[in-house]
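Biologist: Please show me the model. I want to ask what stands behind each label.

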Amino acid sequence: MLNKKITLAALLSLSALSVGTLLGPFSASAQHQNYPKVNEADRENRSQITDNKHYRVIYTPLPDPIPLNQHFRLKLTVQNAEGKVVENAKLYVDADMPSHNHGMNVKPKVKDLGKGIFEVRGMLFHMPGYWEIYVLVDHAGKKEKATFGVTLKMSPR
Amino acid sequence: MLRSKCLPVKSLTLLGWAALLSGLALAACRPANVQSDGAPAFSAQEKTLILSLSPRPRPPENPGNSLADSANAAHFGRYLFYDTRLSLKGDQSCASCHHPGLGWSDGKPLAVGLKTTSRNSPTLWNVAYQRWLFWDGRTDSLWAQSVQPLESLNEMGMSRVGLLHSFHKHPELRRGYEALFGPLPSNAGLPAQARPVPEDPKHPLQQSWNQLSPQQQLAVNRFVSQLGKSLEAFERQIVSGESPFDRFVADLRANKPASKELSVEAQKGLRLFIGRAQCILCHTGPLLNDREFHNIGLPKHPHLPVDQGRYAGLPKLLADPFNGLGPFSDLPSREHEWNDKLHYLSRQASNKGEFKTPGLREITRTGPYMHDGRFKSLEEVLLFYSQLPNQPPATGRREDTIPPLELKPEELTYLLAFLKALEGPQAGPELSQKPKDPVVQRSPS
């Protein structure tokens with residue numbers, strides 16, 4: 001019994017080590033581990049509340065739906081809890097494939113169009129499957145995060 | 001009177017009943033997703049994936065080369081492609097490493113020019129579809145790529161100034177050039193060989209290049225970029241024809257039952273490819289290629305230094321004066337959307353050990369495989385994915401989407417049969433032979 005416990009503990013520690021090694025210096029998911037988890041039922045919702053509930057972030061892709069392996073843009077709208085436009089915020093946007101443990105091969109740029117509307121250029125999802133888009137809202141001394149789930153499917157030619 | 005197609009029950013013999021019952025029993029044992037001949041009965045979800053792989057579309061445009069789709073430039077490009085006068089010793093052409101009879105590659109593990117290089121010669125099949133060129137993607141267009149082997153000290157060993165002298169020396173080369181681009185730039189007073197050597201500022205070729213005035217450098221750079229653009233116009237024509245897989249997909253699209261275009265084994269391989277083996281994650285779309293870079297965790301090559309792949313290629317790409325942001329591109333502006341791939345590039349630690357995904361059309365013709373040609377056959381490639389070696393990757397980290405496939409021997413056969421079905425017809429003489437004249441000869445109307 002003791003042996004079994006030791007074996008189990010050894011296995012657990014080994015698996016922890018291997019996970020640690022895997023996550024290692026290149027872990028995309030580690031970079032975004034502080035972002036809120038996406039609720040399964042709400043996974044593909046294009047409107048999400050930030051982690052501390054002060055902001056709502058809404059996105060629309062261009063083109064829509066998001067194409068596989070082509071550049072696309074996002075239009076992001078940031079509102080406060082009362083649904084009013086949030087001016088003078090700064091946004092950070094990135095995306096990962098959590099199950100693949102990698103991100104995009106590009107670094108998108110965010111442009112503030114005013115009136116709480118932002119354009120994100122240079123996004124590219126190069127693989128099919130489940131992606132997460134991470135948005136950091138930096139506004140009035142608060143930094144709050146939102147996560148969007150997007151499943152990218154292959155379509156017939 | 002209409003005759004029933006059904007067999008009258010009364011007419012069934014005992015033997016007939018036995019056969020019917022055993023047939024029913026077999027059908028009952030057969031999984032629902034398998035047809036009577038053993039071929040997969042593809043589900044709607046599988047069909048969606050299969051239809052994403054065919055037909056092959058026209059190659060994407062390259063607005064950075066105004067002659068990319070010019071027949072005259074392609075003709076001159078073909079003349080140059082097979083011309084050994086473009087090499088330092090006059091014994092090599094582009095076709096030496098990209099031979100049409102060897103899958104537009106060379107059949108060798110590592111390319112051999114003036115010296116043996118550290119990379120496998122990539123095939124030119126369907127090269128027009130690539131987003132990045134070279135295994136490490138260090139150029140963003142085919143014309144920018146074409147310049148580098150001409151000048152590589154391991155490959156053809158020429159320099160752009162040496163090439164200009166050759167074009168002055170050989171009337172046919174000059175005539176071909178001038179028919180497309182106008183007067184050849186002057187070579188008066190230029191050293192015999194000169195070119196930039198960014199990795200070694202003290203290199204004699206760089207020292208010679210420094211002797212040229214900025215105007216002379218500009219003229220020589222424009223000249224060599226035009227050679228590259230002609231070569232691209234030719235190489236864009238090297239596209240796959242219709243394969244058995246394409247015909248199978250056309251039947252599937254038309255809901256034709258039991259297509260015979262693919263063997264049962266190949267269809268089983270196709271099911272594995274889009275299903276359990278998950279090859280389709282990186283080998284997506286009609287070129288079976290995501291045109292991006294991955295670290296599949298190849299261990300260190302026993303005889304080669306560690307190759308950082310995309311990680312080392314990215315700074316070279318951004319420093320290349322022939323990229324889409326440079327003065328030799330034909331894009332109307334640097335902000336043209338074609339340049340988005342450069343504007344938003346990101347160099348990350350995860351790029352270490354990443355190499356470009358090869359397309360799988362014609363893959364049976366283009367061995368050996370991998371960036372360093374370590375696998376002689378596709379069977380070796382599949383065995384790699386099946387077992388995955390115990391050794392760590394040469395550099396970086398293997399992507400999490402690559403678990404050992406643990407393929408059964410028959411599954412290996414199925415995948416090989418599917419890959420074989422991606423072969424189209426061989427290239428015809430209009431691509432595989434050097435034209436007699438560098439200029440298209442128009443017949444009198």
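Modeller: Here are the labels, each set against its definition.

Modeller: This is a predicted model: local features need pLDDT of at least 70, side-chain atom pairs count only at pLDDT 80 or more, and totals for chains, interfaces and linings use all residues. Residues are numbered from 1 along each chain as its sequence is written, while chains are lettered from A and ligands numbered from 1 in the order in which they are written.

Biologist: What makes up the secondary structure of chain A?

Modeller: Chain A has two helices and nine strands. Both labels are DSSP runs, numbered from the N terminus: helices are H or I with at least four residues, strands are E with at least two. The order from the N terminus is α-α-β-β-β-β-β-β-β-β-β.

Biologist: Why are strand 5 and strand 9 of chain A called edge strands?

Modeller: Two strands pair if DSSP finds at least two bridges between them. The open sheet has four strands in the order 5-4-8-9, with antiparallel pairing. Strand 5 (102–103) and strand 9 (142–152) each pair on one side only.

Biologist: How do you know that strand 4 of chain A pairs with strand 5 of chain A?

Modeller: Two bridges join strand 4 (residues 90–97) to strand 5. The cut-off is at least two bridges, so the strands count as paired. Met97(A) has His102(A) as its bridge partner in strand 5.

Biologist: What makes a set of residues a nonpolar core?

Modeller: The members are buried Ala, Val, Leu, Ile, Met, Phe, Trp, Tyr and Cys residues, joined through C-beta atoms within 7 Å. Buried means 20 or more other C-beta atoms within 10 Å of the residue's own, with C-beta atoms placed from the backbone. The largest such core has 80 residues; Leu163(B), Phe273(B) and Phe418(B) have the most contacts inside it.

Biologist: Why is this core said to lie between domain 1 and domain 2 of chain B?

Modeller: Domain 1 (44–59 + 243–420) and domain 2 (71–239) both give residues to this core, so it lies between them. Domain bounds come from an automatic or database domain assignment. Apart from this core lies another, of 26 residues, among them Leu74(A) and Met123(A).

Biologist: Which residues are in contact with Phe273(B), leaving aside its neighbours within four places in sequence?

Modeller: They are Cys279(B), Ile280(B), Leu415(B) and Phe418(B). Contact means C-beta atoms, placed from the backbone, within 7 Å.

Biologist: How many residues does each chain give to the contact between chain A and chain B?

Modeller: Chain B gives 25 residues and chain A gives 23 residues. Helix 2 of chain B gives the most to its side, with three residues.

Technical notes
Two residues are in contact if their C-beta atoms, placed from the backbone, lie within 7 Å. A residue is buried if 20 or more other C-beta atoms lie within 10 Å of its own, exposed if 12 or fewer, and partly exposed in between; C-beta atoms are placed from the backbone.
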